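Good morning, and thank you for joining this group meeting. Please have the sequence and the model in view.

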Amino acid sequence: MIIKKVADLTENDVTPEAIYQARRDFMQGSLTGMAGLAGLAVSANTLSAPSKIADVDLPSPEWIKQKINAASANTQSISETLTPYEHVTGHNNFYEFGYEKTDPAKKSHKFKPYPWKVTIAGEVNKPGDYTLEDILSKVQLEERIYRLRCVEAWSMVIPWIGFSLADFIKVVEPKSTAKYVSFISVERPKEMPGQASAFSSIDWPYREGLRIDEAMNPLSLMAVGLYGKILPNQNGAPLRLVVPWKYGFKSIKSIVKIEFTEKQPKTTWNMLAPDEYGFYANVNPQVDHPRWSQARERRLPSGLLSPNLIDTKMFNGYAAEVAHLYNTMDLKKYY
Ligand SMILES: Nc1nc2c(c(=O)[nH]1)N[C@H]1C(S)=C(S)[C@@H](COP(=O)(O)O)O[C@H]1N2
Ligand SMILES: [Mo]
């Protein structure tokens, strides 16, 4: 592989995770690679014309719109510019709907996120099925502006609407044996063309996990909206995790199950390529991905002429809030 200077990197150099995996499968002679190869040409960002956020009205029950409207406003000060709505909702990773960045926006119309329920299982005193309405009646919604840093070295700044994961965890009362929290995404191949594809290299459903102290950190957010509106399908409707100090793949979308476990749970990208994607996946400019540098990132919107490269910060700029969680760990080993 040709090593380029970071300044010369374009989207085509930083191969999306799944396409890389498909290419690797192909080299090993499996059928899954064929589709991957066909998809190798990563399309340029052809985003549709900006929509006025005020006009955005996604189909959803009235009760959730009201909850989102009543969410308390963001209070932290943030000096960075918000990534425009059309980029936040037009450039996505959601492999259930396809590998291309524009697939989730284009191919998620059939997906029906309401009504919704989440199964709580494992080491808790209050397991069971919780409807979304039930969950939202027990927590407070607020706006939080977070950076989102994808492992592919692009990033955005997104105003989420959500609730503190810790607040909901307290509701279900974990036992002392609960050391990890595992999250599972929805599996609906009839509504999700990426899951229906025989060429997908992912073993569905998508899964992720956190250590319980990471899950309880005040920064860990469960999002139900963005830009003051309900979460669009392509961003993980109706309920997704946002862990801003970790690479984006930890922020699992469309969650249907949360299980409290004694052992570290399996996670999708780690299962696919353990040398490249660890369980921890903390944003760290000093620990490079085996195939590219993590020292810098392209802040979207970014184009060929104005790539908008910025330095990546330790823990994505959240070191003050989370560095203590990893005091005794070698972050090169636990990447
Ligand atoms: N279920 C599921 N969750 C997922 C993904 C996915 O493919 N499936 N992609 C992850 C990756 S790699 C990133 S960068 C973020 C992107 O979130 P966004 O599309 O809302 O920006 O979602 C994460 N959550
Ligand atoms: Mo990502």
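This is a predicted model: local features need pLDDT of at least 70, side-chain atom pairs count only at pLDDT 80 or more; totals for chains, interfaces and linings use all residues.

Let me begin with a definition: rings of Phe, Tyr and Trp, the last by its six-membered ring, pair if their centres lie within 6.5 Å, and planes under 30 degrees apart count as stacked, over 60 as edge-to-face and the rest as tilted. Tyr180, Phe279, Tyr280, Phe315, Tyr326 and Tyr334 form one aromatic cluster by this rule.

Residues are numbered from 1 along each chain as its sequence is written, chains are lettered from A and ligands numbered from 1 in the order in which they are written, and side-chain values use heavy atoms, with hydrogens and water left out.

Now to the chain as a whole. It has eleven helices and twelve strands; these are DSSP runs numbered from the N terminus, with helices being H or I of at least four residues and strands being E of at least two. Of its 335 residues, 55% count as buried. Here buried means under 20% relative accessible area, exposed means over 50%, and partly exposed lies in between, with a 1.4 Å probe and protein chains only. The accessible surface of the chain comes to about 14800 Å², and carbon and sulfur atoms account for 54% of that; areas come from the Shrake-Rupley method with a 1.4 Å probe, and for residues only the protein chains shown count as cover. Contact means heavy atoms within 4.5 Å. Among contacts between residues at least 6 apart in sequence, 73% join residues at least 24 apart.

I return to the rings. How many aromatic pairs does the rule count? The count comes to 16. One of them is Phe249 with Tyr277, an edge-to-face pair at 5.6 Å centre to centre, with 80 degrees between the planes. Phe249 is in the loop between β9 (240–242) and β10, whereas Tyr277 is in the loop between α10 (268–272) and β11 (296–299), so that this pair links distant parts of the chain, 28 residues apart. Both residues are buried.

Phe315 and Tyr326 give a stacked pair, because their ring centres are 5.5 Å apart and their planes stand at 20 degrees. Phe315 lies in the loop between β12 (309–311) and α11 (319–322), and Tyr326 in the segment after α11, so the pair ties together parts that are eleven residues apart in sequence. Phe315 is buried at a relative accessible area of 3%, and Tyr326 is buried, also with a value of 3%.

Charges over rings come next. A charge sits over a ring if NZ of Lys or CZ of Arg is within 6 Å of the ring centre and within 35 degrees of the ring normal. Lys250 lies over the face of Phe279, at 4.2 Å from the ring centre. Arg147 lies over the face of Tyr318, at 4.6 Å from the ring centre.

I turn to the sheet. Strands of a sheet pair through backbone hydrogen bonds, either parallel or antiparallel. Two strands are taken to pair if DSSP finds at least two bridges between them. Five strands form an open sheet in the order β2-β1-β10-β5-β6, with mixed pairing. Its edge strands are β2 (128–131) and β6 (207–211), each pairing on one side only. From one strand to the next, the twist averages 20 degrees.

β1 and β2 form a hairpin with five residues between them; their pairing is antiparallel over four bridges, and Thr119 stands opposite Asp129 in β2. β5 (residues 180–185) pairs with β10 (residues 255–261) in the antiparallel sense over six bridges, where Ser185 has Ile255 of β10 as its bridge partner.

Helix α7 (residues 165–172) lies across β1 (117–122), β2, β5, β6 and β10, and runs at about 65 degrees to β10. Axes are lines fitted to C-alpha atoms, for helices over the stretch in contact, and angles run from 0 to 180 degrees between N-to-C directions.

I close with two residues. Leaving aside neighbours within four places in sequence, Val322 is in contact with Asn217, Leu219, Trp245 and Phe315. Arg207, in strand β6, is partly exposed at 25% relative accessible area.
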